[in-house]
Amino acid sequence: MTQVAVNEALARDRGIDLDDPKLALRVAAERLSTVRYVFLVQIEDGIATAAQRASLEYADAVLIGWPENDAPDVVDLDEQQQAQVAEHMRVMEDHIRKYASMERDWDIDGMTDTLIRITERVAEIRRLYQPDFLLPTFAEIRRVVQQEWDEDMGKIDPKEPDPTAEQIEEQTEDADKQQRQIAEHAERAEHADRSGQPEQPGQQHAGHHGEHHGDKA
């Protein structure tokens, strides 16, 4: 009862006609628009995951082209349908309360899932009031978004293919060759230390060259 009173007070502040039998149609759209914006602010600084992007796009798909209450394709509801709308609104508000708690706790994964739950209820409300308007399911949205996300991630962070057996063998041989070269170099250096610094080829050539000049003199 308290939640209903709060919503009614908010509606009056916004100049909403509380006697309008299609009031729930407008309220549902405003509530979803609000939680959608909150979610967008939470994820806009990073690269959204496929689940986050799908959750956001599902809300967008349900809100797109939202009708005015007096639109020609918006129908009047009977008592049973009104009761269904009331139940969807009740569950929606329960999810929104949980959503607000998740926002305070920076629980993005929880917000992602709960936004889907909220959107589902709003979609059902729209279907009752606008039965001829085709709405996609979350499964349909998620399938398309996942394909787009995989393509985007492939461009940003392409995965190297797994090496073949032949490539692995070549890499092993190259590593062994490098190890042998390192060992041979170390062995030559150790031998030089034991026998003393050998005469440089240039020095040896210069000495012989001087001897030849002396012979000529």
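This is a predicted model: local features need pLDDT of at least 70, side-chain atom pairs count only at pLDDT 80 or more; totals for chains, interfaces and linings use all residues.
Start by selecting helix 2 and helix 4. They pack at an angle of about 20°, with their axes 11 Å apart. Under the 35-degree cut-off, helix 2 and helix 4 are therefore roughly parallel to each other. Their crossing is left-handed. Now show side chains: on helix 2, pick Ala24, Val27, Ala28, Arg31, Val35, Val38, Phe39 and Gln42, and on helix 4, Val85, Met89, Met92, Glu93, Ile96, Tyr99 and Glu103. Color that contact by class and you get 11 nonpolar, 1 polar and 3 charged residues.

Next, keep helix 2 and bring in helix 3. This pair packs at about 155°, with axes 10 Å apart, which makes helix 2 roughly antiparallel to helix 3. Helix 2 passes helix 3 in a left-handed crossing. Here Ala29, Leu32, Ser33, Arg36, Phe39, Leu40 and Ile43 of helix 2 meet Gln52, Leu56, Ala59, Asp60, Val62 and Leu63 of helix 3.

Now for the core. Which members of the largest nonpolar core touch the most others? Select Leu32, Val85, Met89, Tyr99, Ile118, Val122 and Tyr129, out of 43 residues in that core. Helices 2 (23-43), 3 (50-63), 4 (79-104), 5 (108-129) and 6 (138-156) each supply at least two core residues, and helix 2 gives the most, with 11.

Last stop: zoom in on Val85. Ignoring neighbours within four places in sequence, Val85 is in contact with Ala24, Leu77, Ile125, Leu128 and Tyr129.

Terms used. Residues are numbered from 1 along each chain as its sequence is written. Side-chain values use heavy atoms; hydrogens and water are left out. A nonpolar core is a set of buried Ala, Val, Leu, Ile, Met, Phe, Trp, Tyr and Cys residues joined through side-chain atoms within 4.5 Å. Buried means under 20% relative accessible area, exposed over 50%, partly exposed in between (1.4 Å probe, protein chains only). Helices (H or I, at least four residues) and strands (E, at least two) are DSSP runs, numbered from the N terminus. Contact means heavy atoms within 4.5 Å. Axes are lines fitted to C-alpha atoms, for helices over the stretch in contact, and angles run from 0 to 180 degrees between N-to-C directions. Angles under 35 degrees count as roughly parallel, over 145 as roughly antiparallel, 65 to 115 as roughly perpendicular and the rest as oblique. A crossing is left-handed if the near helix is turned anticlockwise from the far one by less than a right angle, and right-handed if clockwise. Ala, Val, Leu, Ile, Met, Phe, Trp, Tyr, Cys and Pro count as nonpolar, Asp, Glu, Lys and Arg as charged, and the others, Gly among them, as polar.
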